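Colleague: Please take me through this model and the terms used to describe it.

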Amino acid sequence: MRPTRLDPARQAELLASLDGWQRVAGREAIARSYRFADFNAAFGWMTHVALMAERLDHHPEWRNVYNRVDVVLTTHDAGGLTELDFQLAAFMDRAAGT
Ligand code: H2B
């Protein structure tokens with residue numbers, strides 16, 4: 001079963017529990033940029049996150065340029081933010097050591 005869209009108050013609460021994540025203008029999504037030591041570190045982190053994304057069946061929108069990864073999370077099926085977005089965001093932060 002897919003999670004349902006969170007109400008705005010709960011979204012704000014969960015966003016406040018994260019560091020470095022922001023709302024995206026014009027759509028219901030959250031975004032964060034990560035910077036790593038080099039491409040190897042960035043891509044290693046992406047690989048680690050990709051395995052979790054498959055397990056959750058929840059996939060990021062992301063872009064990598066050398067040591068930087070820009071991430072946007074939203075739940076396409078729900079048309080907005082769900083628990084899964086905040087779960088994956090927290091996992092990304094832990095995996096990046098932030
Ligand atoms: N990822 C994200 N971010 N949102 C979704 O709604 C979503 C997904 N849906 N990954 C999943 C895959 C769905 O398309 C498949 C069919 O389970």
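Colleague: What makes residues of α3 count as buried?

Modeller: Buried means under 20% relative accessible area, with a 1.4 Å probe and protein chains only. Leu-84, Asp-85, Phe-86, Leu-88, Ala-89, Phe-91, Met-92 and Asp-93 are the buried residues of α3. The model is predicted, so local features need pLDDT of at least 70 and side-chain atom pairs pLDDT 80 or more, while totals for chains, interfaces and linings use all residues. Residues are numbered from 1 along each chain as its sequence is written, and side-chain values use heavy atoms, without hydrogens and water.

Colleague: Against which elements do these buried residues pack?

Modeller: They pack against α1 (8–16), β2 (30–35), α2 (39–56), β3 (61–65) and β4 (68–73). Phe-86, leaving aside neighbours within four places in sequence, is in contact (heavy atoms within 4.5 Å) with residues including Leu-14, Ile-30 and Leu-81.

Colleague: How do you know what span is expected of α3, residues 83–96?

Modeller: The expected span is 1.5 Å times one less than the number of residues. For the 14 residues of α3 this is 20 Å, and the helix reaches 20 Å from its first C-alpha to its last, close to expectation. Just after α3, Gly-97 has a positive phi of about 75 degrees.

Terms used
Helix = DSSP H or I, 4+ residues; strand = E, 2+ residues; numbered from the N terminus. Buried < 20%, exposed > 50% of the residue type's maximum accessible area, 1.4 Å probe, protein only.
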